[in-house]
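I opened my notebook to look up a few features of this protein. Here is what I checked, entry by entry.

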Amino acid sequence: MEHWDFVGRAAELSRLQTVATSETERGLILSGVAGIGKSRLLREAVSALPADRWAVFRASANIASSGLPFGGLAQILPADPPASLSPAGLIRWAVDSLRAAADGRPLVLAVDDIHLLDAPSAALAHLLVREEATLLGTLRTSEPVPPPISALWTEGLVSHAELAPLSLEESRALLATLVGSPVEAGSAQRLGRLGGGNPLLLRELVMAALSGGELVQAYGFWRWTGRLRLAPSLAELVDARIGRLTGGVRDVLELVSFGEPIGLPLLLRVADPASVEEAEERGLIRVVEDERRRNVRLGHPLYGEVVRRRCPVTRARRLLATLADLVENVGARRRDDLLRVAVWRLDSGTAQDSGLLFGAATQAFGKFDMVLARRLAAAARDAGAGYPAIELLATVLLFLDEPQQALAVLDEAPERDARYIAARATVEFFGLGDSRAADTLAAVELTDPTDIARVRSLESFIRLQLNHLPRARALTAAVAAEPAAAPPAKALAQCVTAFLTAATGDFDRGRKLLTVLEAETRSWRRDTPTLQFAFQMTEGTLVSVAQDLPGIDRILAAEFADLAQAGGFGFGSGWVSLLQSSANWLRGRTDEALRAVEQACAALSAARLYDGSAHYARAKVAALRGDVALAMASLEIAEGAGEGILALYYPWREQALGWTQACAGELTAAVRVLSDAVARTRADGFHAHEMLLLYDLVRFGRADLAAERMTALGEQVGGRATPLFVRHARAGADGEELFAVAREFAVLGYQLYAAEAAAGAVRIFRTARDTRALAASTLLADVLARCDVLRTPALRAVQPSLTVRERQVAELAAGGVRSREIADRLFLSPRTVENHLQRVYTKLGVNGRNELAPALRLLPQ
């Protein structure tokens with residue numbers, strides 16, 4: 001942790017090195033706040049310059065030396081200057097000394113914290129630049145700069161640029177280097193935002209979280225609990241950046257710390273305008289344009305953590321009440337105003353409106369901020385918001401993987417009506433995995449048709465999860481036909497219909513049903529918040545079984561994906577990661593697919609009911625990569641979890657089992673597993689799943705077991721990939737058709753399928769010694785170049801193993817080296833070289849040297 005790898009900043013590093021080696025540019029000075037990474041960037045840039053080509057002189061100015069003549073550059077100047085020289089003579093002596101030490105090489109002067117240079121050192125740096133040396137420097141934003149240095153960029157001699165904070169992606173990479181392994185996406189996002197792109201502050205955050213036990217590891221990923229222990233070193237760093245505060249500036253900083261983002265006109269109503277200006281000038285706050293509004297935010301997110309913790313309780317409560325009054329007096333016009341006012345009222349002890357608290361809790365739940373939703377829902381319940389607040393709180397606890405607490409909250413309900421019965425059954429089934437919840441609902445005796453529809457719609461969804469399909473279909477039809485059914489009951493029944501429709505392969509109708517359901521979100525989310533769970537499960541299943549890459553991309557780009565990963569919603573975060581994994585392995589990016597699926601394992605590790613589904617997905621990705629040990633270990637964990645309440649998802653389980661066996665070389669067993677699963681999905685009417693399982697048989701080389709049925713299913717199952725699946729199955733020994741299918745798969749983004757189809761064409765052409773093998777090999781090599789590790793049965797068939805010597809000879813021959821020269825390089829006889837080449841030709845199925853290069857590109861490195 002004391003020294004971490006350099007990450008990010010590729011553009012800035014390249015710019016510094018370009019300036020350092022340029023014959024026309026004379027320098028670049030980077031400015032930025034403390035801890036932003038200026039010093040490390042400068043060090044990395046000059047360390048890469050070869051000492052035999054450039055004379056690099058590095059110095060670091062500091063407060064201690066700023067009052068001494070030449071103190072800032074004492075590190076690079078000779079120890080004993082000549083006596084009795086004038087100030088101008090001393091500068092000339094210093095220039096000549098450095099020139100002599102450079103010994104004819106271009107001179108590069110790298111000065112860290114250049115704003116702290118004493119006057120003679122600054123003058124020396126200025127003169128060196130004028131005499132064609134290159135100056136690279138860093139300075140702290142808002143610090144006064146010695147006139148000789150500022151003159152360099154005002155006169156156009158050197159460039160000056162502001163170093164921006166790290167991006168979230170760069171922060172995520174830095175986090176991984178700090179802790180030594182990847183950080184779960186949601187945790188990385190929250191820590192990255194809190195660090196504000198400042199590497200030093202991010203490091204202190206991580207150290208504080210590690211020492212406080214707030215960073216925990218699961219399945220190779222670190223997860224942050226969301227709690228922050230403000231370590232003394234971190235608080236001191238933030239204090240140093242904030243500096244001394246006058247009373248007025250302190251008031252401004254506290255108001256923004258508790259209320260950001262706060263509109264500039266509102267802030268000016270309660271704060272001294274001069275103090276607001278001073279706070280902005282010092283970088284403590286910043287004014288950002290948000291459409292037509294000007295909002296005030298803190299200069300760094302951690303300022304708020306320090307200021308809020310050090311603000312006396314009584315003053316904090318007064319400030320929060322002031323903020324709430326301020327927004328309420330002008331009217332809560334922004335989307336988040338209701339939520340913000342409710343939190344301020346709650347924290348200031350002035351929360352009396354149960355409706356306000358319940359509305360804010362619903363809004364927090366809609367943002368998947370489960371921690372805040374829990375707090376607000378509990379406050380709404382305590383304020384007398386009634387059963388709706390109790391049910392919302394129980395739902396939030398369910399989503400936070402605390403089902404027992406959810407049941408305890410529900411038991412506080414004064415009445416045992418249909419809503420209570422449905423809510424309790426939801427927690428028992430989805431939280432505790434109790435399959436008896438379905439029978440409990442079926443046994444309930446009700447007279448009101450609206451209540452009956454509510455209970456039956458939930459039973460239908462639970463029956464669906466248990467794979468009790470006839471009962472689920474019958475219940476769904478009954479709810480849909482009931483005029484008295486409320487919108488939430490109809491919406492849940494529609495989820496079941498959409499799921500079953502997608503499973504049959506009618507993806508267009510399934511999408512239409514979900515589109516209508518999503519458009520009517522407001523009619524059901526407030527009344528039945530658990531419906532969000534059903535909606536996301538259905539939508540994810542549809543795009544997954546349809547192999548709908550654009551659909552998956554749309555979900556991942558939508559607001560839900562960010563909210564689910566950032567808000568402490570473990571199931572939602574795992575669901576998003578599983579979709580990311582699916583999209584990546586379809587595109588052949590198995591490195592990213594494995595990272596994503598392991599994030600899903602980490603996110604779902606606390607939810608024992610759903611942990612197994614992530615491990616089945618992990619087993620399949622590992623199998624695609626040829627990692628037998630990981631695939632089998634993942635399968636063992638998943639099988640240990642049991643089927644439980646997830647009987648509906650058996651096709652994914654069977655696929656994972658089949659692929660793991662294929663990866664281990666047990667193709668006969670894999671084919672038997674998939675064949676049994678095909679029969680089961682056919683009986684259940686899950687034709688979309690059946691198509692995918694049949695296509696797996698094709699990929700295992702058993703198109704004879706699948707082609708006929710796939711042809712029939714092609715009329716029922718939609719999706720862009722389905723026609724290509726059928727063509728691949730029917731191609732048989734037609735290498736040209738497989739070649740065409742591979743090209744079309746590649747155009748649609750299915751690089752894994754493209755590679756396997758191309759491999760089939762290569763195998764057929766090689767066996768026939770067909771000259772088209774070269775074109776097929778070239779296509780396969782191009783596709784594999786866009787992929788990560790792939791070791792599927794179809795690809796292994798065209799990737800024979802070469803000995804080390806055979807590979808050496810083949811690579812030289814493919815590069816155009818003649819046999820005699822190869823023999824001389826490798827200390828072999830020409831005859832031995834030719835023998836090696838003939839064996840290579842036979843193994844690779846090529847006809848000569850001109851086909852070697854693409855064939856070799858197909859082999860694992």
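Two strands pair if DSSP finds at least two bridges between them. I kept that in mind while looking through this model, which is predicted.

**Entry 1: strand 4 and its neighbours**

I started with strand 4, residues 134-140. Which strands pair with strand 4? Strand 1 (residues 27-32) is joined to strand 4 by six bridges. The two run parallel. I found I29 opposite G137 of strand 4. Strand 3 (residues 107-112) also runs parallel to strand 4, with four bridges between them. There, A110 stands opposite L136.

Next I followed the chain from strand 3 to strand 4. Together with helix 4 (residues 119-130), these strands make a right-handed β-α-β unit.

Then I checked burial. Buried means under 20% relative accessible area. Six of the seven residues of strand 4 are buried, so the strand is largely enclosed by the rest of the structure.

Helix 8 covers residues 199-211, which is 13 residues.

I looked at the N-terminal end of helix 8 and found a cap, N198. A side-chain oxygen of N198 is 3.1 Å from the backbone nitrogen of L200. Several residues of helix 8 are buried, including P199, L205 and A209. Just after helix 8 comes G213, with a positive phi of about 70 degrees.

I went on to strand 6 (residues 215-218) and strand 7 (residues 221-224). They run antiparallel and are joined by four bridges. V216 stands opposite R223 in strand 7. The hairpin has two residues between its strands, and Y219 in this hairpin takes a positive phi near 55 degrees.

**Entry 2: salt bridges**

How many salt bridges does the structure hold? I noted 42. Side chains of opposite charge can pair when their charged atoms come close.

The R172 and E169 pair came up in helix 6 (residues 168-179). The closest N and O atoms are 2.8 Å apart. The two residues are three places apart, about one turn of the helix. An α-helix has 3.6 residues a turn, so residues three or four places apart point the same way. R172 counts as partly exposed because its relative accessibility is 26%. E169 counts as exposed, at 53%.

R345 and D325 form another salt bridge, with 2.6 Å between the closest N and O atoms. R345 sits in helix 15 (residues 337-348) and D325 in helix 14 (residues 313-330), so this pair ties together parts that are 20 residues apart in sequence. Is R345 buried or exposed? R345 counts as buried, since its relative accessibility is 11%. D325 is partly exposed, at 37%.

R807 and E811 meet in a salt bridge of 3.1 Å, N to O. Both lie in helix 43 (residues 804-814), four residues apart, so about one helical turn separates them. R807 counts as buried at 17% relative accessibility. E811 is partly exposed, with a relative accessible area of 41%.

Salt bridges with shared partners join D439, R456, E459, R463 and R471 into one.

Note on methods. Residues numbered from 1 in each chain as written. Predicted model: local features only at pLDDT ≥ 70, side-chain atom pairs only at ≥ 80, totals over all residues. Heavy atoms only, no water. Expected span 1.5 Å × (residues − 1). Buried < 20%, exposed > 50% of the residue type's maximum accessible area, 1.4 Å probe, protein only. Polar contact = N/O pair within 3.5 Å; in protein donor to acceptor, adjacent residues only side chain to side chain. Salt bridge = Lys/Arg side-chain N within 4 Å of Asp/Glu carboxyl O. Right-handed = clockwise from strand over helix to strand, strands pointing away.
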